[in-house]
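Please look over the sequence and the structure below. The questions that follow take up a few of its parts.

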Amino acid sequence: MEVKVFSNILDANDRLAEQNRRKLASHDILALNIIGSPGCGKTTLLERTLDIISKRGRIRAGVIEGDIATSRDAERIRKFGVPVVQINTRGACHLDASMVGSVLDELPLDKIDVLLVENVGNLVCPADFDIGEHAKVLVISVTEGEDKPQKYPLIFRLAKVAVITKTDLLPHLDFDIQKLIADMDSIQKAQARFRLSARTGEGCEAWVEWIEQVRQELAPRR
Ligand code: MG
Ligand code: ZN
């Protein structure tokens with residue numbers, strides 16, 4: 001019974017996600033659903049990403065900030081002068097397609113090339129809920145356990161791209177990044193992967209180039 005109810009919820013969500021996807025496509029927007037544990041550095045990654053995007057000047061960004069209760073992350077993003085809307089999930093531990101669909105029109109869609117959606121900090125149910133994104137971006141920091149791929153295989157399998165963050169801390173940790181990558185490979189080999197420090201900026205340019213490249217493939221400029 002409970003399984004059936006959940007599958008009906010997911011079916012309804014998938015239909016709304018498809019509507020979001022069509023709307024985003026009609027505006028040539030690449031949408032990235034950024035998923036990771038609390039504290040893995042999603043907002044810091046967004047800040048660095050927006051900084052590099054604005055300096056390179058090739059694409060225009062917009063942001064949706066999902067948060068359970070506060071608007072702190074949205075405030076951190078506002079200083080970059082990009083369009084940002086906040087979704088307060090009022091306790092829900094993930095974003096769903098209806099929440100995202102309800103705020104899309106608050107964004108200037110014709111002035112956005114890439115929509116960066118920061119999901120609620122959680123590796124479990126955000127994986128189940130398609131929001132109409134082009135790709136799920138898994139963010140995992142080197143301060144987390146190396147056993148994350150085995151514990152949360154679904155998101156490791158579904159994410160088209162994975163960003164390993166906080167690499168500047170590696171000299172201070174016993175974290176075995178080769179083991180993490182081997183475990184990630186055992187779940188999904190085709191994933192694009194980046195290792196970076198959003199704090200120092202090391203490795204971040206390549207990540208932004210990937211975003212620009214995928215946007216370009218989606219909507220080649222005339
Ligand atoms: Mg955050
Ligand atoms: Zn949830």
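Q: Over how many bridges do strand 2 and strand 3 pair?
A: In this predicted model, local features need pLDDT of at least 70, side-chain atom pairs count only at pLDDT 80 or more, and totals for chains, interfaces and linings use all residues. Residues are numbered from 1 along each chain as its sequence is written, and side-chain values use heavy atoms, without hydrogens and water. Helices (H or I, at least four residues) and strands (E, at least two) are DSSP runs, numbered from the N terminus, and two strands pair if DSSP finds at least two bridges between them. Strand 3 covers residues 84–88, and its parallel pairing with strand 2 has 5 bridges.

Q: Which residue of strand 3 is the bridge partner of Glu65?
A: Strand 2 and strand 3 pair in the parallel sense. In strand 3, the partner of Glu65 is Gln86.

Q: Which residue of strand 4 is the bridge partner of Ile64?
A: Strand 2 and strand 4 run parallel, joined by 5 bridges. Within strand 4, Ile64 has as its partner Val117.

Q: How many residues of strand 2 are buried?
A: Buried means under 20% relative accessible area (exposed is over 50%, partly exposed in between; 1.4 Å probe, protein chains only). In a regular strand the side chains alternate between the two faces of the sheet. Here Ala61, Val63, Glu65 and Asp67 are buried on one side, and Gly62, Ile64 and Gly66 on the other. Strand 2 is therefore largely enclosed by the rest of the structure, and its buried residues number 7 of the 7.

How values were computed: Chains lettered and ligands numbered in written order.
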